[in-house]
Amino acid sequence: MSASIPTPHSATAHGEQGEHKSKGGYIEWMDRKDTFFSHGFPEHIVDLGEIRMNYAVAGSSDNPALLLIPGQTESWWTYESAMRLLADSYQVYAVDLRGQGRSTWTPGRYSLDIFGNDLVRFIDRVIGRPVVVSGLSSGGVLSAWLSAFASPGQILAAVYEDPPLFSSQKNPPIGHSIDQTFAGPLFRLWTKWLGPQWSIGNIDGMMDAMRREMPNWLMEAQTALGLPPIAFERRPELRLREYDPEWAESFWTGKGAATCDHETMLKQVKVPVLFTHHSRHIDPRSGNLLGAISDLQARHVQRLVEGTGNSFTYISLPDQPHNMHSPDPVTYVTTVTTWLAGLGLGTAIHPKPTATEPNNGE
């Protein structure tokens with residue numbers, strides 16, 4: 001069903017029907033092969049029809065299946081440290097969504113419904129059995145999508161890791177919109193200075209424009225709260241180079257969620273949910289949100305999920321960054337597997353804290 005990628009740079013990707021080359025404006029990983037570095041697990045490509053999806057897998061098929069969905073700008077390998085801790089007790093799959101990592105870039109084709117249906121096909125063609133899903137940020141919204149809309153019997157339980165439910169919509173029914181968070185201004189900046197498929201790619205111009213074009217409330221709130229600035233070096237980190245900035249445009253313009261109302265989606269949830277809520281602050285001057293989702297919005301998620309008759313476990317982790325699983329895989333793995341064990345879905349893992357190296361591939 002899929003083919004391994006043996007080495008970076010010089011590798012030729014073969015799917016089920018042989019080598020894939022770009023068609024109709026789509027961009028395959030071989031067109032961007034100098035972007036990539038090797039990582040700790042073998043990578044595989046599966047042909048899902050419209051796209052080729054990249055993934056890694058660890059652990060035995062005798063164990064419960066767990067699907068990990070990265071957030072926006074992230075690739076599968078941000079889960080590497082967590083995968084090592086999980087692999088003795090779970091069979092773990094981590095994917096690159098379309099437009100990220102080695103998966104196909106699809107200009108004009110980025111939305112929650114499209115991403116979600118890619119994952120339905122992946123579960124069907126690659127995993128082939130019921131699975132627990134866990135996603136970060138936009139991947140957490142997709143975890144919610146799968147918990148509501150996946151094929152019957154595909155999903156056993158869902159983890160929403162700090163998901164921007166409602167707060168990534170243009171006109172949410174409750175709380176902050178994407179324009180009232182850090183994400184909207186940042187995504188606009190990327191769209192302007194990087195362009196779809198890196199067609200502009202002006203990193204220096206973006207960095208010079210950041211203080212001028214990012215809203216004052218955001219810069220002032222970061223300083224007042226002692227938070228690190230939203231920025232990156234002029235040599236952008238690997239995960240951003242693996243990302244099609246058209247993703248950002250689809251979200252801040254509202255196109256990405258235009259056919260997927262979050263409230264409607266959450267009313268359709270069919271499985272138990274674990275929601276981890278990380279660092280968040282309301283700027284006292286502007287009322288805007290520094291974080292993925294406000295307390296008000298998280299409570300509304302809980303009301304909607306519990307209204308479906310499914311259990312909802314809320315864990316507040318205000319000292320954790322937006323992405324917990326990469327910098328603190330021990331807390332992530334302990335939190336998720338303890339919850340799963342309580343559902344009878346696998347074994348609780350309590351790894352000892354160890355120093356982990358950042359998975360930046362550089």
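Residues are numbered from 1 along each chain as its sequence is written, and side-chain values use heavy atoms, with hydrogens and water left out.

**Figure 1. The whole chain and its confidence.** The chain has 11 helices and 13 strands; helices (H or I, at least four residues) and strands (E, at least two) are DSSP runs, numbered from the N terminus. Of its 362 residues, 58% count as buried, where buried means under 20% relative accessible area, exposed means over 50%, and partly exposed lies in between (1.4 Å probe, protein chains only). The accessible surface of the chain comes to about 14,300 Å², and 51% of it belongs to carbon and sulfur atoms; such areas come from the Shrake-Rupley method with a 1.4 Å probe, and for residues only the protein chains shown count as cover. A contact means heavy atoms within 4.5 Å. Among contacts in the chain with a separation of 6 or more, 75% are accounted for by residues 24 or more positions apart. The mean pLDDT (the predictor's confidence in each residue, from 0 to 100) is 90, and 86% of the residues reach 70 or more.

Figure 2. Confidence is lowest in strand β2 (residues 14-15), with a mean of 39, and highest in strand β10 (residues 273-277), at 99. Over residues 6-19 pLDDT stays under 50, and the model has 27 contacts beyond four places in sequence for them. Over residues 356-362 pLDDT also stays under 50, and here the model has 18 such contacts beyond four places in sequence. Where pLDDT is low, the predicted coordinates should not be read in detail.

Figure 3. Strand β4 (residues 43-47) is mostly covered, with five of its five residues buried. In a regular strand the side chains alternate between the two faces of the sheet. From β4, E43, I45 and D47 point one way, H44 and V46 point the other way, and all are buried. Strand β5 (residues 52-58) pairs with β4 in the antiparallel sense over five bridges; two strands pair if DSSP finds at least two bridges between them. Opposite E43 stands A56 in β5, and opposite I45 stands N54 in β5. Four residues lie between the two strands of this hairpin, and G49 in the turn has a positive phi of about 105°.

Figure 4. Six of the seven residues of β5 are buried. β5 and β7 pair in the antiparallel sense over four bridges, and V92 in β7 is the bridge partner of A58. Rings of Phe, Tyr and Trp (its six-membered ring) pair if their centres lie within 6.5 Å; planes under 30 degrees apart count as stacked, over 60 as edge-to-face and the rest as tilted. The rings of Y55 and Y93 have centres 6.5 Å apart and planes at 40°, so this pair is tilted. The pair links distant parts of the chain, with Y55 in strand β5 and Y93 in strand β7 (residues 91-95), 38 residues apart. Y55 counts as buried at 5% relative accessibility, and Y93 counts as buried at 6%.

Figure 5. Y243 is buried at 0% relative accessibility, and W247 is buried at 0%. Ring pairs link Y110, F115, F187, W190, Y243, W247 and F251 into a cluster.

**Figure 6. Arginines over tryptophan rings.** A charge sits over a ring if NZ of Lys or CZ of Arg is within 6 Å of the ring centre and within 35 degrees of the ring normal. R102 lies over the face of W29, at 4.6 Å from the ring centre. R188 lies over the face of W252, at 5.6 Å from the ring centre.

**Figure 7. Two loop residues with positive phi.** F166 is not a glycine, yet its phi is positive, at about 70°. F166 lies in the loop between β9 (155-161) and α4 (183-193), and is buried, with a relative accessible area of 0%. W198, also a residue other than glycine, has a positive phi near 60°. W198 is found in the loop between α4 and α5 (203-213), and counts as partly exposed at 21% relative accessibility.

Definitions and conventions. Predicted model: local features only at pLDDT ≥ 70, side-chain atom pairs only at ≥ 80, totals over all residues.
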